[in-house]
Structure formats: structure tokens, C-alpha cells
Amino acid sequence: MPRRPRRGGRTPPAGGKGADSGDEDSARLGPPRTEEWPDGDWVVRQVPGAAAAKEYRCPGCDQEIRPGAAHVVVWPAETPGLAERRHWHNACWQRRPRRAGPASYW
């Protein structure tokens, strides 16, 4: 019998629904960190499988990142913003500089 997530009995965080979700994101996702690469500085944030609820397409391999799969979210350090974020498989992000072809995925 498949397990179903529990939905009831949860207590909302202090401050209600309109509170700043920055702390909630930090608890659910890994903390953002800046990585220096030959093509610039990047902000990288780990997304554990439990927090991966949507399907994305990895720009490194052009394959799907399925819901429930751990991966990273990456954006250029100098241009933060939702439109600049890309979801990558962990391995694709790590081997990105060694790939042949265009270096820009944005």
C-alpha cells in the first residue's frame, strides 16, 4: 500500500501566511552559497528530494529533473532574480565546465 503524505494537524508558522518565507525556504532548502567558476560567480542552493515538488529541465543534459529528485538551483551572483534561476542535476552542474559546446546556458 503506497504511503500518502499527512496533511492535517500542521501548525502554521508564527506570523501567519503573510510572514516572510525566507526562514521557511532555508529550512526546506539548503542555504545559498556562492561558488567561483571560470565563467563567473554563481549562487548555488541545494534542493533535497523532499522539497522538489515540480518538474524541471536541466540545461546541462536537457533531461527532466523529476519531482522528488535532489538537485541544485543556480543563478548568476551579480543578477539575482527569479528569471535567472536554473535547475540542474547535481552531476551536470559539477561537470559543466568540462562540457563541449556553448558555455552559456542563459
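How many residues in the lining of the largest pocket are nonpolar, how many polar and how many charged? The lining divides into eight nonpolar, two polar and five charged residues. Here Ala, Val, Leu, Ile, Met, Phe, Trp, Tyr, Cys and Pro count as nonpolar, Asp, Glu, Lys and Arg as charged, and the others, Gly among them, as polar.

## Basis of the model

The model is predicted; local features need pLDDT of at least 70, side-chain atom pairs count only at pLDDT 80 or more, and totals for chains, interfaces and linings use all residues. Residues are numbered from 1 along each chain as its sequence is written, and side-chain values use heavy atoms, with hydrogens and water left out.

## Overall architecture

The chain contains two helices and six strands, arranged along the sequence in the pattern α-β-β-β-β-β-β-α. Helices (H or I, at least four residues) and strands (E, at least two) are DSSP runs, numbered from the N terminus.

Of the 106 residues in the chain, 25% are buried. Buried denotes under 20% relative accessible area, exposed over 50%, and partly exposed the range in between, with a 1.4 Å probe and protein chains only.

## The largest pocket

The largest pocket has a volume of about 320 Å³. A pocket is an open set of points, on a 1 Å grid over the protein atoms alone, where a 1.4 Å probe fits, with protein on both sides within 12 Å along at least five of seven lines. Grid points are joined across faces, edges and corners, and the volume is the space filled by probe spheres set on the points.

The pocket is lined by 15 residues, of which Arg28, Leu29, Tyr56, Arg85 and His87 lie nearest its centre; a lining residue has an atom within 4 Å of a point. Helix 1 (22–28), strand 2 (40–47) and strand 5 (71–76) each supply at least two lining residues. The largest share, three residues, comes from strand 5.

## Aromatic cluster

The structure holds three aromatic pairs. Rings of Phe, Tyr and Trp (its six-membered ring) pair if their centres lie within 6.5 Å; planes under 30 degrees apart count as stacked, over 60 as edge-to-face and the rest as tilted. Trp37 and Trp93 form an edge-to-face pair, at 5.4 Å centre to centre and 65° between the planes. This pair links distant parts of the chain, with Trp37 in strand 1 (residues 33–37) and Trp93 in helix 2 (residues 90–94), 56 residues apart. Trp42 and Trp93 also pair edge-to-face, with 5.9 Å between centres and 80° between the planes; Trp42 lies in strand 2, 51 residues from Trp93.

Ring pairs link Trp37, Trp42, Trp88 and Trp93 into a cluster. Trp37 is buried, as are Trp42, with a relative accessible area of 8%, and Trp93, with 1%. Arg96 lies over the face of Trp37, 4.9 Å from the ring centre; the criterion is NZ of Lys or CZ of Arg within 6 Å of the ring centre and within 35 degrees of the ring normal.

## Strand 6

His87 lies in strand 6 (residues 86–88) and is buried, with a relative accessible area of 12%. A polar contact of 2.9 Å joins the side chains of His87 and His71. Such a contact is a pair of N or O atoms within 3.5 Å; within protein, one must be able to donate a hydrogen and the other to accept it, and residues adjacent in sequence count only if both atoms are side-chain atoms.

Arg86 also lies in strand 6 and, at 25% relative accessibility, counts as partly exposed. A polar atom of the Arg86 side chain lies 3.0 Å from the backbone oxygen of Ala83. The C-alpha atoms of Arg86 and Trp75, eleven residues apart along the chain, are separated by 6.4 Å.
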